[in-house]
Amino acid sequence: MTDYRFIKVTPLTPTIGATISGVDLSQPLGDEVFSEVRQAWFKHLVLFFRDQAISNQQHIAFGESFGALHIHPAAPYLDNNPALMKIHADETSSRNNGEDWHTDVSADEQPPMASILRITRTPLQGGDTLWSNMYAAFDALSPTMQALLMPLEAEHAADYSGFYGEHPPQRQSPSAIHPVIRLHPETKLPALYVNKGFTKRICGLTNIESKEVLSMLFDHIKNPNFQCRFQWQRDSMALWDNRCTQHMAVWDYFPETRSGVRVTIKGERPIAAR
Ligand code: SIN
């Protein structure tokens, strides 16, 4: 049981997700509150904050308290600032952001450690986001499968061509090789680090072996026992750890509109858990 002096932490599930109250993200948090938020974040992996009617600059300031900001290779952005990734789907959209399970931009050599999303407009119903706990996904594999995966690496690649319409890309679609099981640099726990959005193949396996193992793992992470589901309201915010979670944004509200803005924090090169 963790004691918090300054914030109130209400878990969504025993495995992942917690709502934080007693925090105003329009202001600098101060060392003690920030330290409690980080403690809760490492424990619950994704934190939710309600009623945060903050400006984009305040959103950026909260992001920068975790580290330097990551710039998405291709996504459109707001306020002429590439650090403010635009999240939007409406009646003209042919896709939404993050419709399938993924961790953000794992195709980068140094993928983002965290993302902070604020939703500014919700559909009447739907538009929830789900997160899955990748420590739990690793722990639930048999010791034999864990031992098989532990030394392996996988290729991650993004292909953003045609993905964001006419918007010019910030840089080329990235690709990188990362460990299949990564060690979280703060908690020192092993986490499964392959995702359907970006992982193309497991190095050193034949094509058919790689395809079958990835397909099994992509199914495995969908187990509801590892997950939470968050129902957004206007000005809800979520802070998630990309190093030990995956997420998917449900697009069940077409042709209605859902909008938001995401600030993303740079991460380190993943290191293997072996
Ligand atoms: C994303 O960052 O993948 C989008 C998440 C969402 O819109 O809920």
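Which residue in β9 does His156 stand opposite? His156 faces Ala176 there. Before going on: this is a predicted model, where local features need pLDDT of at least 70, side-chain atom pairs count only at pLDDT 80 or more, and totals for chains, interfaces and linings use all residues. Residues are numbered from 1 along each chain as its sequence is written, and side-chain values use heavy atoms, with hydrogens and water left out.

Strand β8, residues 153-157, is joined to β9 by 5 bridges, and the two run antiparallel. Strands here are DSSP runs of E with at least two residues, helices are runs of H or I with at least four, and both are numbered from the N terminus. Two strands pair if DSSP finds at least two bridges between them. An open sheet of 3 strands, in the order β9-β8-β12, has antiparallel pairing. Its edge strands, β9 (175-179) and β12 (199-202), each pair on one side only. On average, neighbouring strands of this sheet are turned by 25° against each other, direction ignored; axes are lines fitted to C-alpha atoms, for helices over the stretch in contact, and angles run from 0 to 180 degrees between N-to-C directions.

Now another sheet. Its 8 strands form an open sheet of mixed pairing, and the order is β1-β2-β3-β14-β6-β16-β5-β4. β1 (8-11) and β4 (77-78) are at the edges with a single partner strand each, so one side of each has no neighbour in the sheet. β4 is joined to β5, residues 81-89, by 2 bridges, antiparallel, and Leu78 has Asn81 as its bridge partner in β5.

How many residues of β14 are buried? The count is 5 of its 5 residues, where buried means under 20% relative accessible area, exposed over 50%, and partly exposed in between, with a 1.4 Å probe and protein chains only. In a regular strand the side chains alternate between the two faces of the sheet. In β14, Met237, Leu239 and Asp241 are on one side, Ala238 and Trp240 on the other, and all are buried. β14 pairs antiparallel with β3 over 4 bridges, Leu47 having Leu239 as its partner. With β6 there are 5 bridges, also antiparallel, and Leu117 stands opposite Ala238.

Two helices lie across this sheet. Helix α1 (residues 31-44) lies across β1, β2, β3, β6 and β14, at about 125° to β3.

Elsewhere, His220 is found in helix α5, residues 207-220. His220 is buried, at 15% relative accessible area. Leaving aside residues up to four places away in sequence, His220 touches Ala137, Ala140, Leu141, Leu192 and Phe226; contact means heavy atoms within 4.5 Å.

Last, the pockets. A pocket is an open set of points on a 1 Å grid over the protein atoms alone, where a 1.4 Å probe fits, with protein on both sides within 12 Å along at least five of seven lines; lining residues have an atom within 4 Å of a point. The largest pocket has a volume of about 540 Å³, a volume being the space filled by probe spheres set on the points, which are joined across faces, edges and corners. Of its 32 lining residues, Arg95, Asn97, Gly98, His102 and Phe163 are the closest to its centre. β5 supplies the largest share of the lining, 4 residues. The second largest pocket, about 320 Å³, is lined by 15 residues, with Pro76, His88, Ser93, Arg95 and Tyr164 nearest its centre.
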